[in-house]
Amino acid sequence: MNATDPRADLRRELRLRRRQLPAAERIAAALALPQRLRALPALSQPGYVAGYWAMDGEVSLHALLMGQPPFVYCLPCLREDGSLGFAPWRTGDPLRSNRYGIPEPDLAPSSQLEPEQMHCVLLPLVGFDRRGGRLGAGGGYYDRSFAFLNTRPRPPAPQLVGVAYGFQQLDAFAAEPWDVALDYVVTERELIDCRAAA
């Protein structure tokens, strides 16, 4: 993407605003997430739930892992083909840095789970709209990995849940043909059912 691309400009603005958020507001947002997410049945059942390692001011998911959640928490792992695999991870398990410096489980690709095996995926994002549009970081990893959800009828799982601060909400923006819509977005203030809005 070049510098005149409106999405690139929007990403820059929103990422800067996210980075400048005071630490107290970041912590408060992270602590509010579990309460908002309790409304999702997928997080109260056994199964694989993918999250992410918060970087660059993203909302942290650490509070969701306090106690003993009924699900197996997984982190994404970058694959050579530009897609994601997922590996179960618990606090203290070994990590390695991927090519972007993001920690991921130190697990061989052959031992990673496939995107189709997740029953819920909590995705970081840069911007979103209430119809399920997601402005990501621009690498396309999630869209490639979950392209199978763009079929009709859409498979019931995994559910894709964008995680954001409320200020990251945008007016509806044009989706690219390869974009995979979110089912929900959770912020520090609310859980948005994007399927209803769409």
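Colleague: So where does the largest share of the largest pocket's lining come from?
Modeller: From H1, with four residues. A pocket here is an open set of 1 Å grid points, over protein atoms alone, where a 1.4 Å probe fits, with protein on both sides within 12 Å along at least five of seven lines; lining residues have an atom within 4 Å of a point. Bear in mind that this is a predicted model: local features need pLDDT of at least 70, side-chain atom pairs need 80 or more, and totals for chains, interfaces and linings use all residues. Numbering runs from 1 along each chain as its sequence is written, and side-chain values use heavy atoms, without hydrogens or water.

Colleague: Which elements each give at least two lining residues there?
Modeller: Helix H1 (6-19), strand S2 (72-78), strand S5 (103-105) and helix H3 (141-145); these are DSSP runs, helices (H or I) of at least four residues and strands (E) of at least two.

Colleague: How much space lies in that pocket, and which residues are closest to its centre?
Modeller: About 760 Å³. Arg 134, Ala 137, Gly 139, Tyr 141 and Tyr 142 are closest to the centre, out of 33 lining residues.

Colleague: And the lining by class?
Modeller: There are 17 nonpolar, five polar and eleven charged residues.

Colleague: What about the second largest pocket?
Modeller: That one holds about 360 Å³. Its lining has 20 residues, with Arg 131, Gly 132, Gly 133, Ala 181 and Leu 182 nearest the centre. Nine are nonpolar, three polar and eight charged.

Colleague: New topic: where is Leu 31?
Modeller: Leu 31 sits in helix H2 (residues 23-37).

Conventions:
Grid points are joined across faces, edges and corners, and a volume is the space filled by probe spheres set on the points. Ala, Val, Leu, Ile, Met, Phe, Trp, Tyr, Cys and Pro count as nonpolar, Asp, Glu, Lys and Arg as charged, and the others, Gly among them, as polar.
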